[in-house]
Amino acid sequence: PAPTKTTPTPPPPTTKHQQRRQAPIQTTSNMATHRKSCTFFVSSNCNLKLFIISFGLLAVSAFILPAVNSTTTHNMSPNVAGKSLSDGRSGEVPTAGELERLKEEEARLATMLSSIRRQKLDVLRSRPLTVGIIGFGRFGQFMGKKFIKYGNVIGTSRSDYTKIADDMGAKYIPLSDLESFVMEDELDVIVVAVSIVSFESTVKDLVPHLKKRIEKGGSCPLIVDVLSVKEHARNILLEHLPEECDILATHPMFGPDSAKHGWQGQTFVYERTRIDKVLLDPSKDRSFHHRLATDNSDSDGDQFLDEEGVSHGVHENSEAHVMGMDRIERFLSIWEEEGCNMVSMSCKEHDGFTANSQFITHLMGRILGAQQLKSTPIDTKGFQNVLKLVETTNADSFELFFGLYKFNRNSMDIIVKLREAMDDVVGKLLEKEGKSDASLEVKRSCL
């Protein structure tokens, strides 16, 4: 039944203000009808909006979230990605099928990495480097056989290695014609692979020809050293070379004997010293391999500081800078493609480490070699390793050993510490035997 009016109709207002105030006043019937109509209208619109929102969320879940999850997974470090699995505090247990999913993701990433490596190799071979090697002896040939796989090789040395160069597909120019070697049009890199003691004189001989090449409008090749002592080589190159020459200081921590079966897993240390006349501060240089080793994803690999503290971008608006960086990366990629463990390190830091590793190894090998040690029918594994050390270290020239001693300022400290250690060990043996202090001093003086 229709509702009965219970409120009398108010008298007509006398003013506009009163009309506005009286307008909202309605009967119970009108208010009920208004509420029903509003409820239907709101309900209908809400249902439509909820339908649209629900459909939108389904679309987001179906198309966007997988991509977000995939991107998030790719960008997470291994520690972050596996946190829920390894963090005992989280209390989360991996669901069934999680391991299979991770294996599939691992396979996908491995395929992607393989594809990137093939692309890198294609880029490397699309513009092959021409590498000149000064000092085409045993170590120079050792490098040349690998370089020829990625570009062209030109060797020069005091001895005649024409036949060896021809056999490996390289070009050979006698050292007596050093100018022709330097003036080769396509020469991109010069690797100075001479002994430590003759390094400075070789660089000095090289300088006039480099200046002549620059004066004729040619670019200076990238100069690379491979000495076992780095500060000495760095200082000589900076002192004598024209500033137009980019410098890359390197040390392959292996040679023809230790890496006769390949370079896979061998350590290669390098410092980008100078690019486009900018002397880099190695303590602030952040190469790809440095960031990879430190796992510092927040570092800006596109920036570096020179020694004056000025920030430079890897891809600055300088053609010479961009070309210089590209040339260095191409050269380093050869070692990387051959499987080397790439280590970015300052020359100063390198020499501190090698004094405690490489020099003492050669020192002990020489000392033990002087004992005329020989194999026996009952050698232990330990003694076989000693003989191997003697063989490896004495296979290198004494000139190399002398260079490690003379041009590494940390070498004498190693000798002094070794003497002190010998005195200490022998002293303990004599004390254990009950020898007198006098005889102990005699033994120590002999040492």
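Because the model is predicted, local features are taken only where pLDDT is at least 70 and side-chain atom pairs only at pLDDT 80 or more, while totals for chains, interfaces and linings use all residues. Residues are numbered from 1 along each chain as its sequence is written, and side-chain values use heavy atoms, with hydrogens and water left out.

**Overall make-up**

The protein chain holds 17 helices and 11 strands, where helices (H or I, at least four residues) and strands (E, at least two) are DSSP runs numbered from the N terminus. Of its 447 residues, 35% are buried; buried stands for under 20% relative accessible area, exposed for over 50%, and partly exposed for what lies in between, with a 1.4 Å probe and protein chains only. Among contacts (heavy atoms within 4.5 Å) between residues at least 6 apart in sequence, 66% join residues at least 24 apart.

**The disulfide and the cysteines**

A search of the whole structure finds one disulfide, the term being used for a pair of cysteine sulfur atoms within 2.5 Å. The bond joins Cys220 to Cys245, with an S to S distance of 2.0 Å. Cys220 lies in the loop between helix H9 (199–215) and strand S5 (222–225), and Cys245 in the loop between H10 and strand S6 (247–252), so the pair ties together parts that are 25 residues apart in sequence. The torsion about the S-S bond of Cys220 and Cys245 is about 80°, so this disulfide is right-handed. The table gives the relative accessible area of these two cysteines and of two others.

| Residue | Relative accessible area | Class |
|---|---|---|
| Cys220 | 5% | buried |
| Cys245 | 0% | buried |
| Cys340 | 9% | buried |
| Cys347 | 2% | buried |

**Helix H10 against helix H13**

The axes of helix H10 (residues 230–240) and helix H13 (residues 347–369) come within 8 Å and cross at roughly 150°; these axes are lines fitted to C-alpha atoms over the stretch in contact, and angles run from 0 to 180 degrees between N-to-C directions. H10 and H13 are therefore roughly antiparallel to each other, a label that applies to angles over 145 degrees, with under 35 counted as roughly parallel, 65 to 115 as roughly perpendicular and the rest as oblique. Lys230, Glu231 and Arg234 of H10 make the contact with Cys347, Lys348, His350 and Asp351 of H13. The residues of this contact of H10 with H13 divide into one nonpolar, one polar and five charged.

**Helix H16 and its end**

Helix H16 (residues 411–433) has 23 residues and spans 33 Å from its first C-alpha to its last, close to the 33 Å expected at 1.5 Å a residue, where the expected span is 1.5 Å times one less than the number of residues. Buried positions in H16 are Ser411, Ile414, Ile415, Leu418, Gly427 and Leu430. Just after H16, Gly434 takes a positive phi of about 85°.

Most residues other than glycine have a negative phi. Asp276, although not a glycine, has a positive phi of about 50°, and Lys277, also not a glycine, has a positive phi of about 70°. Asp276 lies in the loop between strand S7 (267–275) and strand S8 (278–279), as Lys277 lies in the loop between S7 and S8. Asp276 is partly exposed at a relative accessible area of 23%, and Lys277 counts as partly exposed at 48%.

Technical notes:
Ala, Val, Leu, Ile, Met, Phe, Trp, Tyr, Cys and Pro count as nonpolar, Asp, Glu, Lys and Arg as charged, and the others, Gly among them, as polar.
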